[in-house]
Amino acid sequence: MSTSLILACLWALIANVLAMTPSKDLHWRNAYILIAIGIPIVGYVTWENGPWIGLLVLAAGVSILRWPVIYLGRWVRRLGGKGAS
């Protein structure tokens, strides 16, 4: 297993452990830190293993951090709706 995939698995393990711990801010601080660390890991995985494995790791990250992605989609949709009318 390559170094990048080991880092991605470690990131996923840490994300799941953080999800099980109590948090006063509904885990948003943890999500921002995981996003900041996860984006370079996805790039590293893509560079080392190719785009298909990179997309799989990206999909795994999105499934773990689904609420930030949902809120980003809603925000983009709102911006698109204002510009169209």
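Modeller: In what follows, Ala, Val, Leu, Ile, Met, Phe, Trp, Tyr, Cys and Pro count as nonpolar, Asp, Glu, Lys and Arg as charged, and the others, Gly among them, as polar. This is a predicted model, in which local features need pLDDT of at least 70, side-chain atom pairs count only at pLDDT 80 or more, and totals for chains, interfaces and linings use all residues. Residues are numbered from 1 along each chain as its sequence is written, and side-chain values use heavy atoms, with hydrogens and water left out.

Colleague: What is the volume of the largest pocket?

Modeller: Its volume is about 390 Å³. A pocket here is an open set of points on a 1 Å grid over the protein atoms alone, where a 1.4 Å probe fits, with protein on both sides within 12 Å along at least five of seven lines; lining residues have an atom within 4 Å of a point.

Colleague: And which residues lie nearest its centre?

Modeller: Trp11, Leu58, Gly61, Val62 and Leu65 do, out of 20 lining residues. By class, the lining has 18 nonpolar, 2 polar and no charged residues.

Colleague: What about the second largest pocket, how many residues line that one?

Modeller: The second largest pocket is lined by 15 residues, with Ala19, His27, Ala31, Ile64 and Leu65 nearest its centre. Its lining comprises 11 nonpolar, 3 polar and 1 charged residues.

Colleague: Changing topic, why does Val76 count as partly exposed?

Modeller: Val76 counts as partly exposed because its relative accessibility is 46%; the class lies between buried, under 20% relative accessible area, and exposed, over 50% (1.4 Å probe, protein chains only).

How values were computed. Grid points are joined across faces, edges and corners, and a volume is the space filled by probe spheres set on the points.
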